[in-house]
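Here are my notes on this entry, as numbered points. Please read them with the coordinates open.

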Amino acid sequence: MHFPTAGGPFFRHLRMWHAVLVSLVVVAVVAFLVLRPSDGVRSVPGSACRPGDSAREDVPASPDLDGDGSVDLVHEISEDVDFDLTIVPGSKHGPDGDRTTVLAHDQLGLPDDVQVGDEPLQPTVADLDEDGHADLVVSEAAQVLWGGPKGPQAGGAHGRVTLPDGWYHTAPVAGDFDGDGHIDLAVFKDAGEDRDRELVVLKGPFKRSGAPARTVKMPSPVSEGADPVLVAGDANDDRATDLALYDSAYDPPLLFTGGARTAGGLSKEPARLPEGENVVFGDFDGDGRQDVAVGRSFIPSYDEDAAPHRRGQVNVRYGKEPGRWVTMEGGDFKEGFGTELGVGDFNGDGCDDLAVQLTKKKEEGDARIEVLRGGSEHGLGSKPWRATKRSEPGDDNSVDGSLFAVHDWDGDGRAELLLLDGDRWWITDGTDRDEASFPVAPGKDQGS
């Protein structure tokens, strides 16, 4: 009897069908693993991130006013000469717009001579008196709404942080700048009666009267006429908070490191960062060390000024190479890549991602956001970048939502973008899917 040999047609067909069957099984398994619902943080293929890192505490901490474990949305906004504070309580589904509370100027106990700005601002949230409840610091008057089991209340205790005489353009920012375990406040003072412009550090803990344990004044580190924005974060992985100051896209931001042996806890001399208009902190490559990103859009502050014919950029300094800056360009020429930055872990892999806003005209509400994935071997080199844009029709032109904040709003282990278009909030995930949308003004129907 004749049997086919191993290389004959029968065995060749058998091996071929066996290979096809194995391939189909592999495809089915991969599809199941990719498409099945996720119950928590998962590893991303090729990522250097460690999933456990996504549970780390934010610096500064996420705003949770009532202590229920959900992030609350708080912002201050002015119309004419009045000042309002809006609080949107958080929930497991994100901020609950139906429970929005608006506290007016007089309810906050603010004096009538408080100057108000045009842009919505995020109040400072921190436990200043160390009673276990988050407090709210609002406006340049540094008015404090003291926290309690249900959060700060309009009719509850309020006070005012004791600031040196002078002009203040923003609320103080919070951080443990000397690393002693107490929350401090830092604020920039414009010229007052003493004609001096200063960086002021208010040492914690604070009394209910608003008085700090100590007030430390530092000579102004910025040039005359500059109106710096202050950002607190961690740039060197110690337990002390660092402080960045920036004013415009054409002046280099400054970085004071915390934990120094000085009266205020901040280094005597700041380090100069690459020129840019905003600074953020995060761990983009998943190595456990903090990185710094600086955005520079090259878009002028006033729309009547012509923008140079070049792409915007983001400069990143990774913690593993503190002496080297990596430059990434994005968008098209004159498209303003880098006007705003936000940091969050959008895919829950334990590595921070970077949200970058592009704005051709800063005064016209023209904006879109690209999310740069962290976690590649080289940090933010991961592609493709994800683009997000939300628009609302206006009287003249549509208004695009601008980047306002980044937090894990629904507590699912992944951060979401919070966009504001002037009348409406949008919450989207890092892949451009909507999580929620609701009007800024309670009870105002603007569609969804």
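1. Start with the surroundings of Asp-129. Setting aside neighbours within four places in sequence, Asp-129 contacts Asp-135, Trp-146, Phe-206 and Arg-208. One of these partners also makes a polar contact: the side chain of Arg-208 pairs with the side chain of Asp-129 at 2.7 Å. Bear in mind that this is a predicted model.

2. Where does Asp-129 lie? The residue is in the loop that runs between strand S4 (124-126) and strand S5 (135-138). Asp-129 is classed as buried because its relative accessibility is 17%, and the cut-off is under 20%.

3. Glu-198 belongs to strand S10, which covers residues 198-203. Its relative accessibility is 11%, so Glu-198 also counts as buried.

4. Now confidence. The protein chain has an average pLDDT of 81, and 79% of the residues reach at least 70. Strand S14 (residues 254-256) has the highest confidence, at 97. Helix H1 (residues 9-35) has the lowest, with a mean of 39.

5. Two stretches call for a separate remark. Residues 1-43 have pLDDT below 50, and the model gives this stretch 18 contacts beyond near neighbours in sequence. Residues 52-57 are also below 50, with 6 such contacts in the model.

Terms used
Residues numbered from 1 in each chain as written. Predicted model: local features only at pLDDT ≥ 70, side-chain atom pairs only at ≥ 80, totals over all residues. Heavy atoms only, no water. Helix = DSSP H or I, 4+ residues; strand = E, 2+ residues; numbered from the N terminus. Buried < 20%, exposed > 50% of the residue type's maximum accessible area, 1.4 Å probe, protein only. pLDDT = per-residue confidence, 0-100. Contact = heavy atoms within 4.5 Å. Polar contact = N/O pair within 3.5 Å; in protein donor to acceptor, adjacent residues only side chain to side chain.
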